[in-house]
Amino acid sequence: METVILIIVLAVFFVAVVTEVGWLLLVRPRRRRGGPVEVVSPPEAPGEPELQVPAPEAGESAQAVIVPTAPPRVPEQPPAPAIEKPPPSAGRLVRLRDRLSRSQSSVGSVLLGLLSRDRLDDDTWDEIEEVLITADVGVAPARQMVDDLRTKVKVLGIRGAEEVRALLRTELITQIGEDMDRSLRTQRHDGVPAVVLMVGVNGTGKTTTCGKLARVLVGDGETVLLGAADTFRAAAADQLQTWGERVGARTVRADREGADPASVAFDSVKEGIELGVDAVLVDTAGRLHTKTGLMDELGKVKRVIEKRTTVDEVLLVLDAVTGQNGLRQARVFAEVVDITGIVLTKLDGTAKGGIVIAVQRELGVPVKLVGLGEGPDDLAPFDPATFVDAILAG
């Protein structure tokens with residue numbers, strides 16, 4: 001009896017175990033081999049819609065999902081500036097005469113008015129001298145002009161308006177020096193480019209003048225390379241490069257701010273020789289004429305260039321508005337580097353055109369270029385007769 005009971009208990013237990021195992025197999029889903037698979041999407045590109053990847057349904061095996069990636073975006077490059085064709089230098093000052101006469105005519109009008117008086121006494125001649133000094137002619141040149149005019153008026157007995165104008169015109173042209181050589185040596189010679197060095201104090205407009213001169217030369221059919229030897233201001237190199245790009249001229253510049261200016265000048269001349277350009281224009285940093293160290297560095301720039309070739313022009317850029325203060329600057333620069341010519345900027349904004357006479361007398365070198373405005377083609381070769389006619393146009 002006990003054996004029968006034991007068999008019944010074991011049978012019930014066996015049935016229960018079989019039932020439980022079958023239930024588990026039917027209800028619980030099968031585990032996937034290899035564990036869960038994580039699908040990682042690529043970073044969403046800006047502006048691109050998110051790519052939706054459907055998750056696998058229950059009972060499906062996970063498969064690798066290939067997510068297409070968007071092609072890398074190439075930043076848009078700014079369009080290259082159009083290369084301009086500047087006008088030639090011939091006749092520029094004539095075309096700008098009206099602008100010059102508007103700012104200078106007050107001096108000419110006053111002088112003509114004084115000289116046309118019925119009676120030219122000592123007080124009148126003193127007034128004439130004062131007007132000339134105020135126009136920055138300088139004390140010594142003003143007195144010489146008054147003495148010459150006084151003698152000619154007394155001897156010739158000049159009184160008519162046209163006679164007075166002609167007399168004053170002749171005297172001004174004589175003082176300015178019509179026979180001075182004002183040509184720019186910018187032509188290629190002996191198989192190497194001409195080298196032009198721009199010097200001057202801060203704020204006179206050297207970099208702008210350098211860019212404008214490049215336009216003048218390109219307008220005359222010459223090829224130009226620009227050297228950005230003002231390494232103290234990154235903006236100066238950027239500005240010069242912009243000027244060059246507008247006329248298709250290459251610019252050599254340092255790869256870092258504060259680099260050796262002499263090295264940049266040397267590399268500019270070297271590349272100019274290799275490219276076979278007609279002229280290399282080297283822009284230097286503005287420096288105070290009272291700073292000995294900076295002035296010595298300017299001398300070093302010139303000496304380094306001369307290891308490869310000659311420096312054909314050293315142009316001192318002066319602000320016409322500074323007047324007699326510009327003469328003090330000019331003296332110091334002339335002691336460091338041999339100045340071959342003067343560039344007077346902002347001549348349209350002042351009635352003190354007499355600085356032309358004063359600076360030439362001080363340095364013994366001619367004014368070769370004048371800046372008459374902010375426009376890109378407002379730099380013109382200086383012509384004494386046209387300049388004087390503009391002064392007397394009022």
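Predicted model: local features only at pLDDT ≥ 70, side-chain atom pairs only at ≥ 80, totals over all residues.
Leu197 stands opposite Val282 in strand 4.

Leu197 belongs to strand 1, which covers residues 194–199. Strand 1 and strand 4, residues 279–284, pair in the parallel sense. Five bridges hold the pairing. Another point along it is Ala194, which stands opposite Ala279 of strand 4. On strand 5, residues 313–319, strand 1 has a further parallel partner, joined to it by four bridges. There, Met198 has Leu315 as its bridge partner.

Now look at how covered these strands are. Six of the six residues in strand 1 are buried. In a regular strand, side chains alternate between the two faces of the sheet. Strand 1 is covered on both faces. Ala194, Val196 and Met198 lie on one side, and Val195, Leu197 and Val199 lie on the other. All of these are buried.

Ala279, Leu281 and Asp283 point one way from strand 4. Val280, Val282 and Thr284 point the other way, and all are buried. Strand 4 also pairs with strand 2. The two run parallel and are joined by six bridges. Ala229 stands opposite Thr284 of strand 4.

Move along the order to strand 6, residues 341–345, and strand 7. These pair in the parallel sense over three bridges. Val343 stands opposite Leu369 in strand 7.

Two aspartates in loops are worth a visit. Asp348 is placed in the loop between strand 6 and helix 12. Is Asp348 buried, exposed or partly exposed? Its relative accessibility is 27%, so Asp348 counts as partly exposed. Buried would need a value under 20%. The C-alpha atom of Asp348 is separated by 9.6 Å from that of Leu96, although the two residues are 252 apart along the chain.

Asp378 lies in another setting, the loop between strand 7 (367–371) and strand 8 (379–381). Asp378 counts as buried because its relative accessibility is 9%. Which backbone atom does the side chain of Asp378 reach? That atom is the backbone nitrogen of Gly375, at 2.7 Å.

A search of the whole structure finds one aromatic pair. A ring can also meet a charge. The charged end of Arg246 sits over the ring of Trp243. The distance from the centre of that ring is 5.4 Å.

Technical notes. Residues numbered from 1 in each chain as written. Heavy atoms only, no water. Phe/Tyr/Trp six-rings, centres within 6.5 Å; stacked < 30°, edge-to-face > 60°. Lys NZ or Arg CZ within 6 Å of the ring centre and 35° of its normal. Buried < 20%, exposed > 50% of the residue type's maximum accessible area, 1.4 Å probe, protein only. Pairing = 2+ DSSP bridges. Polar contact = N/O pair within 3.5 Å; in protein donor to acceptor, adjacent residues only side chain to side chain.
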